[in-house]
Amino acid sequence: MTDHNVSEDEFQEELKLGFWYRYIFSVDHKTIAKQYLFLGLTMAVVGGFLAYLMRSQLAWPGKPVFGWPVNEGYIDSPHYNALVTMHGTIMVFFVAMPILIGAFGNFLIPLMIGAPDMAFPRLNMMSFWTMFLATLVMIASFFVPGGAASAGWTGYVPLSADPIYTGVNWGLNFWILGLALEFVSVLMGGVNFLTTAITMRAPGMTLFRLPLMIWMQLSAAILFMLSVGPTIAAAVLLLLDRIVGTGFYDPGQGGDPLLWQHLFWFFGHPEVYVILLPAFGILLEILPVFSRKPIFAYHIIIYSTIIAGFLSFFVWAHHMFVSGMDPRLSLPFSITTILISVPFAIIIFAMIITLWRGSLHFSTAMLFTLGTLTTFILGGVTGIFNGSPAVDIYIHDTYFV
C-alpha cells in the first residue's frame, strides 16, 4: 500500500502544524527536492573551498595560505591529501548525487508522470534526512582525532587500512560511515523512484511514452541498486581491518589489497552513469524544446541507455590497468570499454540530429545545454584511447586524464 493519498482533513491538519512540518519535516516531493538542492549547493560551497585551498597550494607551494588546515602557515602533505580526499568525496557523493538525483528526481518524476506525489512520501522524507545525517558525519570527520580522511577519494588500501599510514585516524572511519549512510539514502530514493514510475503513471502513459528524463532517472536508480552492494561489503571489510584487526586486505594475513579496488570500481564505474544519466535526461528535455522539433530516435536512445547500463558492469577494471592485476585481464576490459562508447555515441548523435535544421532558440538553458554537449564530446573522445592499456599505462594519473 502507498500513502500518497492525502485527504482534505489531513491537509488542513498539516497546515495547522505550521512551518516545521511543512518546510522542514515535509513529505511533499517538491519541498524535499528543494531540501536536496539546498543541501547539494551548500556542500558545493564546502567542496569548492577545499578546491581553492588545493589550488592555492599548487600555485604557491610552501607559501602561507588563508584557510584550514594549515601548518605554520602552509598546507603540509597529510593535510593536502585530506583536501584531495574530501574534495573528491564531497563533489561526487554530496553535490552531484543530491542535486541530479535527489533534487531533480524528486521534483520532476511525479510532475512528469501525472502522479500526486511519490509512492512513499515518508520514506522520501527519511531518505533526505539520512542524506543530511551522512553530510553531518562527513563534515564532522574534519574535527575528530587524526583529522579528515587522507587516503584519496577512492580509499585505496593499504593507505586506508594500514595503521602505519593511518595511525589513530577516526576521520577515515567517519568517512566510511558517512558514505554508507549516503548509500542507504540513495537506495531508499531509488526504491521510491521505481515504485512511483511503475505504479503511478497517468492513464495511457506507457513505459515508452515516458519522458526521457524519467527513463534516465530510473536507469540511474537501477544501476545504483545493482552495483552498490559490493562496495558496502568492501567498506565493512575495511572497517573490520581498521578496528578489529582482520586481514581482508593485508597480504601478510592472506588478504589482497586489490580486492578493495575490484569491489570499489565494480560500483565506481556504474556510479559514473548514475550521475551522468540524469544530466543527460536534462539535456534531452531541453534540446527538443529550444530546437522546436521532437527528440530524434526516442526509442533508440532508450535502448542505447539500457545497453550502456548493462555494459557498465563489465568495464570496471579499466581503472586498474597499472594496479598490478594479471595483464591478461586488460584485453577483455579494454574491449568492453571501447564497446560502451558506442551507445553513448548514439545518444550524442541523436542530440546533434535533433539540432539539425531545427528552429533554434538560444535561451540561457539552451546555451548551457550546448556548452555541456560540447564539453562532453571533447572529454568523451579521450575515453577511446584511455581505454587502450598501451596508452593508459603511460598517461595514467597524469593531468591529461
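Q: What span does helix H9 reach from its first C-alpha to its last, and what is expected?
A: This is a predicted model. Helix H9 covers residues 257–291, 35 residues in total. From first to last C-alpha, H9 reaches 51 Å, close to the 51 Å expected at 1.5 Å a residue.

Q: Where does H9 bend, and by how much?
A: The bend is at Trp265. The angle there is about 30°.

Q: Which contact should I look for at the start of H9?
A: Look at Asp256. One of its side-chain oxygens comes to within 3.0 Å of the backbone nitrogen of Leu258.

Q: What follows H9?
A: Arg292 does, and its phi is positive, near 55°. Arg292 has this positive phi although it is not a glycine. Its place is the loop between H9 and helix H10 (298–311).

Q: Is Arg292 buried or exposed?
A: The cut-off for exposed is over 50% relative accessible area. Arg292 has 52%, so it counts as exposed.

Q: How does the span of helix H4 agree with 1.5 Å a residue?
A: Helix H4 takes in residues 77–113, which is 37 residues. The span should be 54 Å, and the end C-alpha atoms are 51 Å apart, which agrees.

Q: Where is the kink in H4 centred?
A: On Gly105. The kink is about 45°.

Q: What phi does the residue just after H4 take?
A: That residue is Gly114, with a positive phi of about 80°.

Q: How are two packed helices described?
A: By two values: the angle between their axes and the distance between the axes. Take helix H11 (residues 330–355) and helix H12 (residues 364–386). Their axes come within 11 Å and cross at roughly 155°. Angles over 145 degrees count as roughly antiparallel, so H11 is roughly antiparallel to H12. H11 passes H12 in a left-handed crossing.

Q: At what angle do helix H3 and H5 pack?
A: Helix H3 spans residues 29–59, and helix H5 spans 121–140. The two pack at an angle of about 15°, with their axes 10 Å apart. Angles under 35 degrees count as roughly parallel, so H3 is roughly parallel to H5. The crossing of H3 and H5 is left-handed.

Q: Which residues does a cis peptide bond join, and what is omega?
A: Val157 and Pro158. Omega is about 10° at this bond. Pro158 lies in the loop between H5 and helix H6 (163–166).

Q: Where is Leu240, and what does its relative accessibility say?
A: Leu240 is in helix H8 (residues 212–243). Its relative accessibility is 30%, so Leu240 counts as partly exposed.

Q: How far apart are the C-alpha atoms of Leu240 and Ile348?
A: They are separated by 44 Å. Along the chain, Leu240 and Ile348 are 108 residues apart.

Methods:
Residues numbered from 1 in each chain as written. Predicted model: local features only at pLDDT ≥ 70, side-chain atom pairs only at ≥ 80, totals over all residues. Heavy atoms only, no water. Helix = DSSP H or I, 4+ residues; strand = E, 2+ residues; numbered from the N terminus. Expected span 1.5 Å × (residues − 1). Bend = angle between axes of the 7 residues up to and from the residue. Polar contact = N/O pair within 3.5 Å; in protein donor to acceptor, adjacent residues only side chain to side chain. Axes fitted to C-alpha atoms, helices over the stretch in contact; angles between N-to-C directions. Parallel < 35°, antiparallel > 145°, perpendicular 65-115°, else oblique. Left-handed = near helix turned anticlockwise from the far one by under 90°. Buried < 20%, exposed > 50% of the residue type's maximum accessible area, 1.4 Å probe, protein only.
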